[in-house]
Amino acid sequence: MRKINDQKALRTLNRLHKASSGEMGKILKGLSKGLFRKLQPKDMKDAYIAISKSQGEFLYDLLVEHQAKNIVEFGTSFGISTLYLAAAAKKNGGKVITTELLPEKCEVAQKNFEEAGLDDFIELRQGDAIQTLKHLDSSIDFLLMDGWNDLYLPLLRQLEPFFKDGTIIYTDNASFKSAKPYLDYIYSRPEKYRSRRLADDKGGSELTTVAA
Ligand SMILES: C[S@@+](CC[C@H](N)C(=O)[O-])C[C@H]1O[C@@H](n2cnc3c(N)ncnc32)[C@H](O)[C@@H]1O
């Protein structure tokens, strides 16, 4: 497995993983707000809710193997996943476009990108992904879906014109009930999407490849 050997980026990633590992209280506090109404992104404004180190290492290896250059991410949070994608973009001569709804999370994420020395490889678009990802200037090699699950399907459909033969989509939290319409759509189009469940733990992850 290829590993990130950029020490500056690794130092920031280690710091962020350590900080995110102690956030169960913040997550439970956020989730409690969703008991009597629909959970909203601002309920999780203090929580990383990030991918794990092993998921990040898997993504880095996958992106380097496939020489992915045009990388798009839905759901930046404080930027842990983005840093893995950006480390691969740096190696592949590409860039990451990532988007986050909450301005306060964007502010911290941008500082993390600078601290890691990877900010030159990241374009952070603040706002609702449906708006911020309307305009892309090239087709997508790799897409990370890791925002609010009920937007997965509308966002996928919006991004379909930017898919090409071999575009890879990694979907986090794929086991959540709210991701079902999205996965049903993918599985109902076997001529366009080849998909498989990678893991069922941590909310589940799905790997999908687009056929032209
Ligand atoms: C699970 S977290 C992302 C974690 C991040 N990918 C990581 O691994 O470090 C999901 C993020 O999506 C953001 N989000 C939710 N709805 C959004 C929307 N409509 N547009 C952009 N971001 C959104 C949330 O604010 C939250 O920070």
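The dialogue below takes up the sheet, the core and the ligand shell of this predicted model.

Trainee: What makes β3 and β6 the edge strands?

Mentor: The sheet holds 7 strands in the order β3-β2-β1-β4-β5-β7-β6, is open and has mixed pairing. Strands β3 (122-126) and β6 (193-199) each pair on one side only, and they are therefore its edges. From one strand to the next, the twist averages 15°.

Trainee: How do you know that β1 and β4 pair?

Mentor: Pairing requires at least two bridges. Strand β1 (residues 70-74) and strand β4 (residues 142-145) share 4 bridges in the parallel sense, so they count as paired.

Trainee: Which strands does α4 touch?

Mentor: Helix α4 packs on the sheet against β1, β2 (95-100), β3 and β4, and its direction makes about 165° with that of β2.

Trainee: Which residues have the most contacts inside the largest nonpolar core?

Mentor: They are L83, L85, A86 and L118, in a core of 55 residues. Helix α4 (residues 80-92) gives the most to this core, with 8 residues.

Trainee: Which residues come nearest to the ligand?

Mentor: Of the 20 residues around the ligand, these are P41, A50, G75, I80 and S81. The shell divides into 11 nonpolar, 5 polar and 4 charged residues, and α4 and β2 each supply at least two of its residues.

How values were computed: Residues are numbered from 1 along each chain as its sequence is written. This is a predicted model: local features need pLDDT of at least 70, side-chain atom pairs count only at pLDDT 80 or more; totals for chains, interfaces and linings use all residues. A nonpolar core is a set of buried Ala, Val, Leu, Ile, Met, Phe, Trp, Tyr and Cys residues joined through C-beta atoms within 7 Å. A residue is buried if 20 or more other C-beta atoms lie within 10 Å of its own, exposed if 12 or fewer, and partly exposed in between; C-beta atoms are placed from the backbone. Axes are lines fitted to C-alpha atoms, for helices over the stretch in contact, and angles run from 0 to 180 degrees between N-to-C directions. Two residues are in contact if their C-beta atoms, placed from the backbone, lie within 7 Å. A residue is near a molecule or strand if its C-beta atom, placed from the backbone, lies within 6 Å of it. Ala, Val, Leu, Ile, Met, Phe, Trp, Tyr, Cys and Pro count as nonpolar, Asp, Glu, Lys and Arg as charged, and the others, Gly among them, as polar.
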